[in-house]
Protein chains: 2
Amino acid sequence: MSVTHATGFTAAGLVVGLKSSGGKDLAIVRNLGPSQAAAAVFTSNRAQANPIIWSKQVIGDGIVGAIVLNSGGANCYTGSAGFQVTHATAEAVADKLSISATDVLVCSTGLIGDQLPLDKILAGVTAAELTADGGADAALAIMTTDSRPKTSVNQQDGWSIGGMAKGAGMLAPGLATMLVVITTDADLASSALDAALREATRVSFDRLDSDGCMSTNDQVTLLASGASGIVPAEAEFQAALTAVCADLALQLQGDAEGSSHDITIETVNARSEDDAVEVGRAVARNNLFKAAVFGNDPNWGRVLAAVGTTAAEFDPYDIDVSINHVMVCRSGEPGESRDLVDLHPRAVHVLIDLKVGDATARVLTNDLTHDYVHENSAYSS
Amino acid sequence: MSVTHATGFTAAGLVVGLKSSGGKDLAIVRNLGPSQAAAAVFTSNRAQANPIIWSKQVIGDGIVGAIVLNSGGANCYTGSAGFQVTHATAEAVADKLSISATDVLVCSTGLIGDQLPLDKILAGVTAAELTADGGADAALAIMTTDSRPKTSVNQQDGWSIGGMAKGAGMLAPGLATMLVVITTDADLASSALDAALREATRVSFDRLDSDGCMSTNDQVTLLASGASGIVPAEAEFQAALTAVCADLALQLQGDAEGSSHDITIETVNARSEDDAVEVGRAVARNNLFKAAVFGNDPNWGRVLAAVGTTAAEFDPYDIDVSINHVMVCRSGEPGESRDLVDLHPRAVHVLIDLKVGDATARVLTNDLTHDYVHENSAYSS
């Protein structure tokens, strides 16, 4: 049920004709309250789409009544005409729901540089029927090259969190090419939501680095209706929210464009968490290692060559690397035979022991495959 | 004639049995003097192969009598046993040529983590016959996945420079996966050679970024015999050396593993050269853009998304992007139709106009292809 699992929300997902595939391409999620507290995090890319520019203004006061999302076009690098499309979309949703346009977030995803057909969007907004079980349709409507919708629910005692995500490529920190909407009926102020969302995304979406590419349109939004009347403890809410974000991140990894392996890079005994993340990212972005995994080749030399490009503290000649629990490099020298490593399963675990501290981090990535190249060499959806 | 074009050098390239292909795999280049001035630049990867560790010691005094290079194994992450192989190889060459082992550079290239068979190398050193026309064989012997040898010659009035290079993947700054030996019969001190070599590599090999991956074994070596008796002017020598390095870099780009396009990313009107290089590199490392070029898709949105990840000074909404001389993005908005861009030729030119200064830089890269993935998914040579 995704975004309509928590009480106080309605949603819709419908076909308005933006996608060449003819699939659902417009979603609206409404927060019926009583609270309309919200928080959002945005791509750190300096090239930002028009809906990002708009939504950053809207989220300023921490109050959001609705969010409208479209696939079939990113509305990025489309100039002032593109910004007017975003603005008009927010106005139409506001009119329909009798709220202020300055309380309507907008998200778009798809090809950069093409204008969206405003008339189709406005007709869709008019036609949309928001219902208390519309979450599934909304999750379908935000898909681009995703092969399946991504949703997650975390039910607590008397309150809950639900969410939907889209994203299948360009998954990289700050954030991935993804749109995420998470709803909760917990009663929390926007400042608390903001802090919890930043912590949750830091250890989930921000550590998913499918292909090193950063989008212009990423947005993760958290809406709280307060309809449960419950104010959960900070730690309790954080744990539930992080669980939902981590679950959605794993679903994004598992559906990454053309991938045949889900790779978890776990760096342990680092001097700092930042060091551990830097090492994990360097390996996650190493095309040679990722191509080797595609070929079921446990080429640990490429792991070490990637680690060597970082500024993390470690001794290059006292480092252990295990692949799928076979220690192929021990103290910087050949360890167990690489022939013992079985890379046929989709899940791959790379353990890098830096031996200089006690910090740990996991970074998620995928392999580099023929299908990745194929899907991204003629992207037009 | 590569490294034996300049007078005062002999070379050999022969089969010693390191490569599974049975091809030539050991090269030796000797400087007969009268000068033995030398300079070298090394990979900035912190994971450094045993020959790199050795060669950094040798180059310390700026005197080099010979360089020995092998393909068929990187001798990296092979521990103290691996270092002994490097040391013994240098000793054998020194004995053969009646020079000091501390004047013998060693380079290795191939798979990380396997020990080299020292007996085969020593037998090869004994058998090698160095001749004044051995440059062609030496250029063949350093090849790994290269499809052809890379050599360059620059003939000046009374003196000359010649060089050879190998490298077909893992081409990235600091440096590429490459070994380069350049010889000259100009008479210059090692300090002058060092300054000239650093300037030449800075604008050539360091701006070749085929796949964002950095090797553990890269070394570019410049040997000067002084046999011409001529001391060229600094600017004259710099121009000739840079021309040889740039020519070899273009040959490396043109033979990059699996590539079907050579992409030149030219960033103009940047605030600084560093900014221009950062922008070029960000685009050069964007898998999505590189896959699009493979598919002959002028996806300029991916160029802008990559530029947006940099810290370079620019206004995201006042930037022009041209692909093969069609301005597809003008002042941050759609420009000429992308249908006007013809990406069928191998050479692709991307022009990014930041409009904030007068600095320029070119970064060279390749597209991301099925064949790149294929070749690197089962690399074993």
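Author: Residues are numbered from 1 along each chain as its sequence is written, while chains are lettered from A and ligands numbered from 1 in the order in which they are written.

Reader: What is the mean pLDDT of chain A?

Author: pLDDT is the predictor's confidence in each residue, from 0 to 100. In chain A, 96% of the residues reach 70 or more. The mean pLDDT of chain A is 90.

Reader: Over which residues of chain A is the pLDDT below 50?

Author: The stretch has 41 contacts in the model beyond near neighbours in sequence. Two residues are in contact if their C-beta atoms, placed from the backbone, lie within 7 Å. Where pLDDT is low, the predicted coordinates should not be read in detail. The stretch with pLDDT below 50 is residues 170–176 of chain A.

Reader: How many residues does chain A bring to the contact with chain B?

Author: The same surface serves both copies, as 100% of the contact residues of chain A recur in chain B. Chain B gives 47 residues. From chain A the number is 47.

Reader: Which helices and which strand of chain A each supply at least two residues of the side that touches chain B?

Author: Helices (H or I, at least four residues) and strands (E, at least two) are DSSP runs, numbered from the N terminus. By class, this side of chain A has 23 nonpolar, 19 polar and 5 charged residues. Ala, Val, Leu, Ile, Met, Phe, Trp, Tyr, Cys and Pro count as nonpolar, Asp, Glu, Lys and Arg as charged, and the others, Gly among them, as polar. The elements are H8 (287–294), H9 (300–307), E13 (333–334) and H10 (370–377) of chain A.

Reader: Are H7(B) and H9(B) parallel or oblique to each other?

Author: The axes of H7 (residues 273–284) and H9 (residues 300–307) of chain B come within 8 Å and cross at roughly 130 degrees. Axes are lines fitted to C-alpha atoms, for helices over the stretch in contact, and angles run from 0 to 180 degrees between N-to-C directions. Angles under 35 degrees count as roughly parallel, over 145 as roughly antiparallel, 65 to 115 as roughly perpendicular and the rest as oblique. H7(B) is therefore, relative to H9(B), oblique.

Reader: Which residues of H9(B) make the contact with H7(B)?

Author: The contact residues divide into 6 nonpolar, no polar and no charged. H7(B) brings Val279(B), Ala282(B) and Val283(B). H9(B) brings Val303(B), Ala306(B) and Val307(B).

Reader: Is the crossing of H2(A) and H3(A) left-handed or right-handed?

Author: The axes of H2 (residues 79–97) and H3 (residues 118–127) of chain A come within 9 Å and cross at roughly 15 degrees. The two helices are therefore roughly parallel to each other. A crossing is left-handed if the near helix is turned anticlockwise from the far one by less than a right angle, and right-handed if clockwise. The crossing of H2(A) and H3(A) is right-handed.

Reader: Where is Pro34(A) found?

Author: A cis peptide bond joins Gly33(A) and Pro34(A), with omega about 20 degrees. Pro34(A) is in the loop between E2 (26–31) and E3 (37–42) of chain A.

Reader: What is phi of Asn324(A)?

Author: Asn324(A) lies in the loop between E11 (320–323) and E12 (326–330) of chain A. Its phi is positive, in a residue other than glycine. The value is near 45 degrees.

How values were computed
Predicted model: local features only at pLDDT ≥ 70, side-chain atom pairs only at ≥ 80, totals over all residues.
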